[in-house]
Amino acid sequence: MKVGRVWQRIGFEPFQDGVHLLDCHLQWTEDLLAEQQGEFLALCQAWRSHHRP
């Protein structure tokens, strides 16, 4: 379920039985992906700063 929500956050649409589809001609998909990459980098930096000796 969690993976499906991640796919939806970057523009994939649920189809059936856990399959998600993406319309590759949508510009907003690239924008959503860029936004998620920024959030991921921020999480990585926070984790590293918290776990440094």
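Colleague: How much of the protein chain counts as buried?
Modeller: Of its 53 residues, 13% do. Buried means under 20% relative accessible area, exposed means over 50%, and partly exposed lies in between (1.4 Å probe, protein chains only).

Colleague: What should I know about the model itself?
Modeller: It's a predicted model, where local features need pLDDT of at least 70 and side-chain atom pairs count only at pLDDT 80 or more, while totals for chains, interfaces and linings use all residues. Residues are numbered from 1 along each chain as its sequence is written, and side-chain values use heavy atoms, with hydrogens and water left out.

Colleague: What is the mean pLDDT of the protein chain?
Modeller: The mean is 79, and 89% of the residues reach 70 or more; pLDDT is the predictor's confidence in each residue, from 0 to 100. Confidence is lowest in helix H1 (residues 2-9), with a mean of 76, and highest in strand S1 (residues 13-16), at 84.

Colleague: Which pattern does the protein chain follow along the sequence?
Modeller: The pattern is α-β-β-α, from two helices and two strands. Those are DSSP runs, numbered from the N terminus: helices are H or I with at least four residues, strands are E with at least two.

Colleague: What makes S1 and S2 a pair?
Modeller: Two strands pair if DSSP finds at least two bridges between them. Three bridges join S1 to S2, so the pair passes that cut-off. The two strands run antiparallel, and Glu13 has Leu21 in S2 as its bridge partner. Their hairpin has two residues between the strands, and Asp17 takes a positive phi near 50° there.

Colleague: Why is His20 called buried?
Modeller: His20 has 18% relative accessibility, so it falls under the cut-off and counts as buried. His20 sits in strand S2. Leaving aside neighbours within four places in sequence, its contacts (heavy atoms within 4.5 Å) include Gly4, Trp7, Gln8 and Phe12.

Colleague: And why is Gln8 called partly exposed?
Modeller: Its relative accessibility is 40%, so Gln8 lands in the in-between range. Gln8 belongs to helix H1 and, again leaving aside neighbours within four places, is in contact with Pro14 and His20. Gln8 and His20 are 12 residues apart in sequence and 8.0 Å apart in space, C-alpha to C-alpha.

Colleague: What makes Phe15, Val19 and Leu21 a patch?
Modeller: Like charges are joined within 9 Å, and nonpolar side chains (Val, Leu, Ile, Met, Phe, Trp, Tyr) within 5 Å. Val19, found in strand S2, has 41% relative accessibility, so it clears the area cut-off. Together the three form a nonpolar surface patch with about 290 Å² of accessible area. Such areas come from the Shrake-Rupley method with a 1.4 Å probe; for residues, only the protein chains shown count as cover.

Note on methods
Patch = residues over 30% accessible without salt bridge, like charges linked within 9 Å, V, L, I, M, F, W, Y side chains within 5 Å. Salt bridge = Lys/Arg side-chain N within 4 Å of Asp/Glu carboxyl O.
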